[in-house]
Every structure is written in structure tokens, then in C-alpha cells.
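Let's take a walk through this model, starting with the overall layout and ending with a few single residues. Have the viewer open and follow along.

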Amino acid sequence: MPQSKIVSIDTLVSETDDSQNVEDYVLEREYLKTLMAHLYSLLTVQERTIFAMYIEGYSYNDIADKTSSTPKAVDNTLQRIKRKLRNQ
């Protein structure tokens, strides 16, 4: 089960007194979207699927179950992704 927490912009605005913080948050989100788009352009469909599940907080075993794979294959895929990122 993923353990990430999604926060709506409305919640962020209501919890933030300073409009600059909201602007910084939005800019960070845009940067992350651009970064993820670039990253995804480097990865195969299988690598994207496994990476997305990994960053959502799924364990190697959960990812393996959901992708009809093994935990070792998941580990190998994540290691390959890391190598691709290092080489960029």
C-alpha cells in the first residue's frame, strides 16, 4: 500500500499565510513535472511502471506481485534506472 500523502492546493493555501510560499510551491511542482517528463522519456514502459510504484511507496514485493515479476527483477530494474540517471 502506498504511503505518500497528496495535498490539495486549497489545503496548502489555507495553511499558508504567505503568498510567496504558495508561489514557491507551485513553481516547485512545475519543476518536478518537467523533471519527471524528462526522466520518463529515458525509461522503458516497464521501468516507468516500476519507478512510479516505487516512488509511491510500494515495496519490492508489492511491485513484483503487481507486475508479475520477482523482487530481484524489481531491484535490477531500479538499479538500471539509477544508472541511467547517473549517466545524464
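First, some housekeeping. This is a predicted model, so to speak of local features we need pLDDT of at least 70, and side-chain atom pairs count only at pLDDT 80 or more, while totals for chains, interfaces and linings use all residues. Numbering starts from 1 along each chain as its sequence is written, and side-chain values use heavy atoms, with hydrogens and water left out.

The protein chain has five helices and zero strands, so read as DSSP runs numbered from the N terminus (H or I, at least four residues, for helices; E, at least two, for strands). From the N terminus on, the pattern is α-α-α-α-α. Of the 88 residues, 19% are buried, where buried means under 20% relative accessible area, exposed over 50%, and partly exposed in between (1.4 Å probe, protein chains only). The accessible surface is about 6,600 Å², with 53% of that belonging to carbon and sulfur atoms; the areas come from the Shrake-Rupley method with a 1.4 Å probe, and for residues only the protein chains shown count as cover. Among contacts (heavy atoms within 4.5 Å) with a separation of 6 or more, 47% join residues 24 or more positions apart.

Now for the inside. The largest nonpolar core has 11 residues: Leu39, Leu43, Ile50, Phe51, Met53, Tyr58, Ile63, Ala64, Val74, Leu78 and Ile81. By nonpolar core we mean a set of buried Ala, Val, Leu, Ile, Met, Phe, Trp, Tyr and Cys residues joined through side-chain atoms within 4.5 Å. Helix H3 (45-55), helix H4 (60-66) and helix H5 (71-86) each supply at least two residues of this core.

Which residues of H5 are buried? They are Val74, Thr77, Leu78 and Ile81. Look down the axis of H5 and these buried residues fall within an arc of 95°, so they line one face of the helix; the arc is that of the directions from the helix axis to the C-beta atoms. In general, an α-helix has 3.6 residues a turn, so residues three or four places apart point the same way. What covers the buried residues of H5 includes H3 and H4, while the face turned away from the buried side carries the exposed residues Lys72 and Arg86.

The Thr77 side chain reaches the backbone oxygen of Ala73 at 2.9 Å. Not counting residues up to four places away in sequence, Thr77 touches Gln46, Glu47 and Ile50.

Leu43 sits in the loop between helix H2 (19-42) and H3, and counts as buried at 5% relative accessibility. Beyond four places in sequence, Leu43 touches Arg48, Phe51, Ile81 and Lys84. Leu43 and Lys84 are 41 residues apart in sequence but 8.3 Å apart in space, C-alpha to C-alpha. Ser59 lies in the loop between H3 and H4 and, at 32% relative accessibility, counts as partly exposed.

Conventions
A polar contact is a pair of N or O atoms within 3.5 Å; within protein, one must be able to donate a hydrogen and the other to accept it, and residues adjacent in sequence count only if both atoms are side-chain atoms.
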